[in-house]
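Visitor: Hi! Could you walk me through this one?

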Amino acid sequence: DGAQFVGPIFLGLIIDFIGDENAPAWKGYFYAGLLFVCTMIGAAGEAQYFQIVMRVGMQVRAALQAAVFRKSMYISNKGRREGKFGVNLAVNNLISSDCENVEMATRNFHILWSSPLRIFVSMFLLYQQLSWPSLVGAAFLVLMMPLQKQVVTKLTQYARAGFKKADKRVKKEKEAVEAMQIVKCYAWENSFVDEAQQLREEELLFLKKSAVLGALNMCLIFSVPVLVSSVSFTVYVLAGNELTASKAFTSLALYNVLRMPLIFFPQVVAQLTVAMASLDRLEDYLSRDEVQDKDVQPLQPGLPAVSINNGVFSWGNLDSRDGDKKSKGNGKSKKPNKEMKHQPVTRQKSSGSVACGPEEDYLVTLKDINLTAEEGALVAIIGPTGSGKSSILHAILGEIPTKAGMVTTRGTLAYVPQQAWIFNATIKENILFGLEYDSK
């Protein structure tokens, strides 16, 4: 930043040297040499600065993306519903847009303090060149700041609104892809396309408003230095002063230095406000409830590989308590009162989910579950749709919060869900799933 002022200062000295016929020649060479050396030092320092901040920004982005990815692996069903932004928070938007916003703010953070410093030094040097008329230009500059602040505030509001619309659109598209068989069966393609297109148009409306305000902001940024220099020179001449070449070119160079912080400072403020909104979303997601790691015990002779003793499990809290007191589930399977021990499960009739007690604020998904599975045994859980078969498996995995009882697993666990899937690899690698190939 200090090297930015070397050019205007030495430019004035060189112009004065050229105008002075009696000045020794060594002064010109000395001024030119110092101008070259200081400019090279400034360029080297600026390049090093950008290398460091860009590296730090990439490291911050990588760390946040890794944290979001890890959170998506451990977040519980309760965590997906809770939080300030609820279920509308899309993970892919967090990884792409929000992490990128934080990265950009990290790169340009130091402009927040360097820009006011450069503006102050520039105005001080301008005061030495133009005296009090330079303060008129500074006053004009100050009067333009509230307008730019309003533009930046509106940009922030449109950015946050655009984020919400993007999350809703991605959520709707994800639902359509995950339930594609149902969508194709009932020919709901056009309905989903229309709804996604409507959300996209609403998102584009905010993006358009943001782009228009951004263009207006850039117009103000580039026009302010020209207006400030014109006002200052006009007032300086009207005050009866002589505008020499040295003062004019030095002042123009200083106004050119002043232009850069005026351009970047409002942009950085806008980036920081958008980054604060992104950090709010990231913090909300990363602080949500997680599935606790299970303490898997080693296999022991005579003890079952899996056992559940008097287990009571619930997918989540009650959303509301209406006056009719209807007992409703949350879309998950329900199965109370089941006894299973070394044999296929017999289904018992149930009146639905029940509250665990008058003071509890959750609905029970599985109640009074007792299950043992010996090592090497093949256990089949039989029942109609929605009876709780998958919920028992999730209870063994620890994905359903345990309200009462104890779940014990011994040895290693492998879970194959009902939804077929493959990862990006060959068929052989999908079959081996990380294990070494044994031809025998």
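Guide: Helices (H or I, at least four residues) and strands (E, at least two) are DSSP runs, numbered from the N terminus. The model is predicted, so local features need pLDDT of at least 70 and side-chain atom pairs 80 or more, while totals for chains, interfaces and linings use all residues. Residues count from 1 along each chain as its sequence is written, and side-chain values use heavy atoms, without hydrogens or water.

Visitor: What follows H8, then?

Guide: Gly240, which has a positive phi near 90°.

Visitor: And how far does H8 itself reach?

Guide: Helix H8 (residues 189-238) has 50 residues and spans 72 Å from first C-alpha to last. That is close to the expected 74 Å, taken as 1.5 Å times one less than the number of residues.

Visitor: Where's the kink in H8?

Guide: At Ser223, shortly before Pro225, with a bend of about 30° (the angle between axes fitted to the seven residues ending there and the seven starting there).

Visitor: Which strands does E1 pair with?

Guide: E1 runs antiparallel to E3 (residues 366-373), with five bridges, and antiparallel to E4 (residues 402-409), with six. Pairing takes at least two DSSP bridges.

Visitor: Last one: Asn101, buried or exposed?

Guide: Asn101, in helix H4 (residues 91-107), counts as buried at 18% relative accessibility.

Conventions:
Buried means under 20% relative accessible area, exposed over 50%, partly exposed in between (1.4 Å probe, protein chains only).
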